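Colleague: I have the sequence and the model open side by side. Please take me through one part closely, then connect it to what surrounds it.

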There are 2 protein chains.
Amino acid sequence: MKIAVLGTGSVGQFIASKLVKLGHDVMMGSRTENNPKAQAWLSTQGANASIGNFNNAASYAEVFFLCVKGEHTITALQTVDPVNLTGKVLIDVTNPIAPGSTEIFHLLPELTNQNSLSEELQKNFKDLKVVKSLNTVWGGLMAYPGQLNNGDHSVFMSSNWDDAKVIVNNLLIQFGWREENIIDLGDITTVRGTESYIHLWVKMRR
Amino acid sequence: MKIAVLGTGSVGQFIASKLVKLGHDVMMGSRTENNPKAQAWLSTQGANASIGNFNNAASYAEVFFLCVKGEHTITALQTVDPVNLTGKVLIDVTNPIAPGSTEIFHLLPELTNQNSLSEELQKNFKDLKVVKSLNTVWGGLMAYPGQLNNGDHSVFMSSNWDDAKVIVNNLLIQFGWREENIIDLGDITTVRGTESYIHLWVKMRR
């Protein structure tokens with residue numbers, strides 16, 4: 001399957017590399033066409049990997065992972081021609097962490113409690129099939145769930161689009177998640193739960 | 001040990017009844033001295049149970065559980081003579097659920113993300129040793145953890161007071177929580193994690 005990964009940070013690299021390994025055709029997208037981190041990543045991959053800007057990547061793929069920082073999600077997608085978003089499946093793995101909040105971090109207030117980042121994405125890009133998943137674990141575990149408890153732990157999924165959930169479910173299983181551990185929480189408003197959860201799991205990681 | 005339970009709802013009743021069963025001397029406190037729910041509870045208990053208003057209960061006990069609705073926590077404690085709070089251990093099991101929010105509920109915005117209910121309690125009652133715990137499960141499971149997964153699941157604890165944590169840890173073990181599953185998250189700011197978590201766990205209960 002042609003899959004794009006928007007974002008060149010560690011989360012994007014874990015996911016893109018895993019997808020290549022699984023045999024998918026993968027384009028890593030970034031704001032600029034010749035992003036050094038994307039080029040470095042490309043040099044370690046085989047012939048089914050490529051790079052481009054966000055619009056190239058969205059145009060290339062049927063399904064794409066959104067792996068940019070939370071505060072950049074909407075502006076990243078605004079650089080894409082809307083025609084390249086229509087009907088596409090977006091797997092949003094981000095969290096709305098407020099920029100600059102580190103030690104005792106917090107989330108962007110306008111995207112918490114009575115709203116969430118994914119809801120805001122779905123409102124802004126109505127023809128995009130937004131599915132939230134994987135945002136409750138760190139990047140390495142997203143792509144390699146077997147690293148923890150022999151792979152026996154939960155991952156969540158939220159979306160208004162049932163057909164998109166089927167696609168994401170299949171990709172999660174390819175990543176190594178066990179079908180019985182993939183918890184469909186319901187529609188996109190349930191993302192409030194998995195995004196807020198970061199307040200708890202970052203404290204457990206210390 | 002003399003223990004008070006402030007609140008007469010289902011959470012308060014589960015905890016108070018369990019404490020009586022464990023052999024503690026228990027006073028159930030409510031806003032008024034002759035609360036009908038407290039009287040009904042008392043009629044099912046033995047000689048080591050009693051009832052009173054919040055101030056009676058706080059005066060009676062060294063340790064007390066706060067089991068009123070989130071929005072009433074501060075006003076409940078304001079009815080207590082400060083001398084009856086000084087040096088006492090308060091086990092706060094509440095969540096700051098906004099009044100009237102039901103189907104898609106939310107938390108009181110001023111007590112989330114960069115603040116929490118327990119932090120606000122600690123700020124308002126500086127001589128009280130606030131420990132947050134048990135707020136990540138429903139009342140029946142607080143008092144009877146063995147009902148789920150043979151008792152093998154986690155409970156959290158947050159406080160600025162190490163001596164109070166020792167007392168709470170012992171009570172949790174008496175309730176049936178396993179020592180290895182009691183996770184000390186750190187100081188009172190870590191309550192942001194366990195209070196926000198309600199957005200996720202209520203969705204999993206459906």
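Modeller: Start with the lining of the largest pocket. H9(A) gives the largest share of it, four residues. Keep in mind throughout that this is a predicted model.

The pocket has a volume of about 1,100 Å³. Two elements give two or more residues to the lining: helix H9 (198-205) of chain A and helix H9 (198-204) of chain B.

How are the two chains related? A rotation of 180°, with 0.0 Å of shift along its axis, superposes chain B on chain A. The RMSD is 0.0 Å. This is the relation of a two-fold axis. Both copies use the same surface: 100% of the contact residues of chain B recur in chain A.

Now turn to a residue that touches both chains. A:His106 sits in the loop between strand E5 (89-92) and helix H5 (117-124) of chain A. Its relative accessibility is 19%, and the cut-off for buried is under 20%, so A:His106 counts as buried.

Is A:Asn113 buried or exposed? It counts as buried, at 5% relative accessibility. Its backbone deserves a look too. Phi of A:Asn113 is near 65°, a positive value in a residue other than glycine. Most residues other than glycine have a negative phi.

Compare A:Asn149. Phi here is near 50°, again positive in a residue other than glycine. A:Asn149 lies in the loop between helix H6 (139-143) and strand E7 (155-159) of chain A. With a relative accessible area of 54%, A:Asn149 is exposed.

In chain B, B:Lys129 is found in strand E6 (residues 129-133). At 16% relative accessibility, B:Lys129 counts as buried. Leave out residues up to four places away in sequence. B:Lys129 then touches B:Gly87, B:Lys88, B:Val89 and B:Leu90, as well as B:Gln122, B:Trp161, B:Asp163 and B:Ala164. B:Lys129 and B:Asp162 are 33 residues apart in sequence, yet their C-alpha atoms are 9.4 Å apart.

A:Asp163 and A:Lys129 are 34 residues apart along the chain, with 9.0 Å between their C-alpha atoms. A:Asp163 belongs to helix H7 of chain A. At 40% relative accessibility, A:Asp163 counts as partly exposed.

Look at H7(A) as a whole. This helix has 14 residues, 162-175. At 1.5 Å a residue, H7(A) should span 20 Å, and its end C-alpha atoms are 20 Å apart, which agrees. Its buried residues are A:Ala164, A:Lys165, A:Val168, A:Asn169, A:Leu171, A:Leu172 and A:Phe175. Seen down the axis of H7(A), they fall within an arc of 170°, so they line one face of the helix. Just after H7(A), A:Gly176 takes a positive phi of about 120°.

Chain B has its own H7, also residues 162-175. H7(B) has 14 residues and reaches 20 Å from first C-alpha to last, close to the 20 Å expected. Buried in H7(B) are B:Ala164, B:Lys165, B:Val168, B:Asn169, B:Leu171, B:Leu172 and B:Phe175. They cover an arc of only 170° around the axis, which puts them on the same side of H7(B). B:Gly176 follows H7(B), with a positive phi near 120°.

How values were computed:
Residues are numbered from 1 along each chain as its sequence is written. Chains are lettered from A and ligands numbered from 1 in the order in which they are written. This is a predicted model: local features need pLDDT of at least 70, side-chain atom pairs count only at pLDDT 80 or more; totals for chains, interfaces and linings use all residues. Side-chain values use heavy atoms; hydrogens and water are left out. The expected span of a helix is 1.5 Å times one less than its number of residues. Buried means under 20% relative accessible area, exposed over 50%, partly exposed in between (1.4 Å probe, protein chains only). The arc is that of the directions from the helix axis to the C-beta atoms. Copies are superposed by least squares on the C-alpha atoms of residues with pLDDT of at least 70 in both. Contact means heavy atoms within 4.5 Å. On a 1 Å grid over the protein atoms alone, a cavity is a set of points where a 1.4 Å probe fits but cannot get out, and a pocket is an open set with protein on both sides within 12 Å along at least five of seven lines; lining residues have an atom within 4 Å of a point. Grid points are joined across faces, edges and corners, and a volume is the space filled by probe spheres set on the points.
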